[in-house]
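Thank you all for coming; please have the sequence and the picture open while I talk.

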Amino acid sequence: MSIVPKETIEVTAQSIGINNLSPDAALALAPDVEYRLREIMQEAIKCMRHSKRNLLTTEDVDSALRLRNVEPIYGFASGDPLRFRRALGHRDLFYVDDKDVDFKDVIEAPLPKAPLDCSVVCHWLAIEGVQPAIPENAPVEVIRAPSETKLPEQKEDGLPVDIRLPVKHVLSRELQLYFDKITELVVSRSDSVLFKEALASLATDSGLHPLVPYFTCFIADEVSHGLSNFPLLFALMRLVWSLLQNPHIHIEPYLHQLMPSVVTCLVAKRLGNRLADNHWELRDFTATVVASICKRFSHVYNNLQTRLTKTLLHAFLDPKRAITQHYGAIQGLAALGPNVVRLLVVPNLETYLRLLEPEMLLEKQKNEMKRHEAWRVYGALLSAAGQSIYDRLKMFPSMPSPPASTVWKTNFRIIHSCSANKRRTPADLLEEQPPAEKIGNDGALVPLSNNSSDMETDKDPAALGDSSAGRSSPKDIRESHSERRQKRDQLEKRILRTPALLNQAWKDDLDSGRLLLLLFELFGESIFPFIPSPEMAFFL
Amino acid sequence: MDEEEIEKAVMTYLKKKGFKQTELAFQEEQQRQHPKTALHSTNSHVDPEIACQILSFSSELENNPAQYHEGYGKLRSWAYSSLDLYKHELLRVLYPVFVHCFMDLIAKGHIQEARTLFNSFREDHEMMHGRDLQKLEGVLSPSHLEEMEFAHSLRQSKFNIKICQYSYDLLLQYLHKTQSVVMLGLINEHINFQVSPGQPTSISDDAEVVTLMGSGQDAVNLINQKEIHWGLLEDSLEERLEKAGALVPDSAKVDGEAREGEVEENKKRPYEGGKQGASLKKSKKDKVATATGKASRVETSTVSVAPRVKPELTLPSIPAEVEHSILEDLRNRVQLSSAALPSISFYTFINTHNGLNCASISQDGSLVAGGFSDASLKVWDMAKLGQQTGYATSQIVEDSYPSDSLLGANSGRKSYTLFQGHSGPVYSATFSPFGDYILSSSSDSTIRLWSTNLNTNLVCYKGHNYPVWDVQFSPVGHYFASSSHDRTARIWSMDRMQPLRIMAGHLSDVDCLQWHANCNYIATGSSDKTVRLWDVQSGECVRIFIGHRSMILSLAMSPDGRYMASGDEDGTVMMWELASGRCISPLVGHTSCVWTLAFSCEGSLLASGSADCTVKLWDVTASTKLLKTEDNKTGSINRLRSLKTLPTKSTPVYSLQFSRRNLLFAAGVLSKNT
């Protein structure tokens, strides 16, 4: 009947040396013990109140015991919170974990840091009844229901009515002006110096956060209505870029509104309505914007990148889309990083290039404009693929070879001998490579000569997709072609041999070897500038 | 049945039940009525019918503990199933019946049954009487009942329940019909019904309908009928100011100006400009009809229209230059009202490591004292602090008087002056009106007087036997009052080691106290949930204010001496009219302990600070006006208007203080996890 069982009394009695406590005594004592305990706790609560706290501490219990002229319980006065342990085998029985402390440890322990001394700081809680918005005060809600004046009146007639008013977003006058100014600049004077200043301000000013929803809305509106207005679109993208740069803005909640507009500027069929509009540049810029968004927020929205790549890949692989759209998609994917390119673009390269080929050829595509576009896309693809392979290769420890780029142009042999000596002496095969290859290699360095590739494809249907071969000078075609065959054989041989020669750690190398091979097949020598020279030497 | 038999039956019943006191009282009464022969008849007080029931009860039911459980259970279900209109009134009956059932069972030794009863029905009352139930829960044997003050007071007193005629009839009808004698007996014995004609009262004023009468309601009524002179002291400084400022035209300002005519040193808050000076003076002018002014000096001048009383204590005199500065302050006081809210300067204690027990601010806000649980008292000079932090203080320094030696006082590295001397946690500290002394009270049951000029302990006052919870300087200085766990409050003067008066009467700890503006009374708040007003001269209790539901933590007196506010542990603030002893409005809003209350200097605003980390401002004038208009309407909800809630970041508010110029100072401890 008492919450203190009589067993507790018996155990306590034994612990103080009373062994023959009669059960009746224990039974009679139990309720009294409970009563005394409660009494002490009530006193402790009084002490707690007078210490102006809402949390009962061991000190309060000690004070209560002193009030009752009872010796306080020692050992619980330290300020640390008590650590309770669950007693084994009991669900709700706890005890205080009281560890033995070695004196040596205590003495040798470094002195703890002195606690900060108590002090008083002063601030204005209110000035004539109004709370100033200073850090010391509780934050004043930005969003508050209007018409506070009405509430007291309602209270007066004794009926405290709690009316929820629709939440209204209050924008200060200054912010409104700022917003108007910025939007005006974006729409009409995006080439002025002032606009540059504005972008800088957007990228750095704190306190713009309330405007973010308005800006996202503005951008979405303008993009959807102004697709033919190139300067506007560019200005909008720069606006987005600035907003993203601003460290004080918390833009995540608005990303979902922002992304469609940005992606539109990347893969739209037409951006701007004049020929002079350099929409390529806009797409390139937007690609960097997209990439930075992905980089920054992919940990928050983990499906952001997946969704984006899916959209882009879709645009890229759909043959019915305009070539400009393909360009945007490729640039977007490329901006997302070499890995994305390697995983998503490269596997589709061969098919795509097959599609692109006719567009680039003079006889197949009479429209100069279209051909130009196709070459643009080709360039984008090349640089994307090149970046990816470069990234891949540069991960490997550089090989101890002489500064190659100059050397291999001038004296190919040296490279061969160098690399052969140092890395794979058994691969003497390389030494036997015909000097003619040098020509081919040199040819690869020649800037794209887009008018010369026609014949080659006819001659070698097998290498139809390999348009890059055409960039060698026509007379070399046969030669270079056969060389390439040969070289490929060599490469394959070597690749097959590598595992035997190198240990398992080079597995990656093997992969990239295959990748390089593929790229080389597709692009020919034009891929070479992306390959670090030692690797180059190695693969050749 | 013949009277004698009845009496015998009653006697046997009482004996059987072990109602010794009742038995004695009964016998005594018999003796009184029949001086010659005790058993001689004509006891007209015992209704034969009741006696009948008692007899049948005693014979049939004996000590059947199940009766209580069953009886209460039935009563409860009946009350809950009654008509909605009367339900809330009938439910009020349940709590008294419940606690008395429980105590009866305990008294008879049926502990197990008592526990069962308690546990099965406690939820019903948890909300309204949670704390009381916690106390009662521990009662497990008849001896505890006698020992425990709370149970004792319950047993001794009656519950007062306001109920309408029809509900009352319903109840009686039910009790008679069901023959539940136990319930009937309990209700007869412990409940005093105040039957009112007409419709049941609304639910909202529940607060006052069930009250526990301390030593019987009559005693309280008697006490509350004593005359008190709540007027302000004649010849206060304010009064003099009024006369001096008579050149200024006046306008309407009804409320009295209180004057804590105190002296004070480095006054002068730079923030309150002198702009309000003019309006201020006006207000001083016509305090017609109302009391005003306050603490005074012995030096005399003339009289005003307001009720004035003579000081009953010999009052100390103030130095001329201090008086001068006070007058200056009064002239520059900002007029506050519901439309003109005060500025609040907040002093936040940091790094206290949970050790701060109390905070106190001097009248001009320049000094802040903190009492710590490590028995130390620390005093900060805010003027100095200001200098370090770029606070506008230069004026403070310029304006302070040459006598102010505080400036040079604590020149150490520390930002505060440490006063050590107590041997237990310091629970309270108070500045003298002049700011040159501090009193601190501690759990070592002593009060110490410190000089802020000398930075030293001057006197240690010993008199209390238990921790001293609160100490307060009188508005004129020199005298002070203390309250303690030993259930007394004591009046002291600085120059005597022994208390001048001991106020005894509270049934539990005296937790807080406050001086009346005219120094003739003190108010004390106690854990017994009452506030009492004592006459300082005679030491008598002159008012008992009943209505709070938990321990009283803070008190404030309006500067015009007419009203008093008290705050409790639940967050309720109550406003009382001293003359009538009635609660004029409960102020509901705080959600946790109200640690501190303060009236603005002209009495138009009340500020309250609470553990819920807010400072609330209440409009006093509106609520008192309201009272006047609906004076006699019972059940009207006259709540004080809450003007403003000012939340702090995470700082429970320990102390509030209006400066003479009506700048509000607040202090509290930054606490991360509350």
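Which residue stands opposite G609(B) in β29(B)? G609(B) stands opposite V615(B). Before I go on, this is a predicted model, in which local features need pLDDT of at least 70 and side-chain atom pairs count only at pLDDT 80 or more, while totals for chains, interfaces and linings use all residues. Residues are numbered from 1 along each chain as its sequence is written, chains are lettered from A and ligands numbered from 1 in the order in which they are written, and side-chain values use heavy atoms, with hydrogens and water left out.

Strand β28 (residues 605-610) and strand β29 (residues 614-619) of chain B pair in the antiparallel sense over five bridges; strands here are DSSP runs of E with at least two residues, helices are runs of H or I with at least four, and both are numbered from the N terminus, and two strands pair if DSSP finds at least two bridges between them. These two belong to an open sheet of four strands in chain B, ordered β27-β28-β29-β30, with antiparallel pairing. Its edge strands, β27 (594-599) and β30 (641-647), each pair on one side only.

Let me turn to another strand of chain B, β32 (residues 664-669), where A667(B) lies. A667(B) counts as buried because its relative accessibility is 0%, and buried means under 20% relative accessible area, exposed over 50% and partly exposed in between, with a 1.4 Å probe and protein chains only. A667(B) and A359(B) are 308 residues apart in sequence, yet 6.6 Å apart in space, C-alpha to C-alpha.
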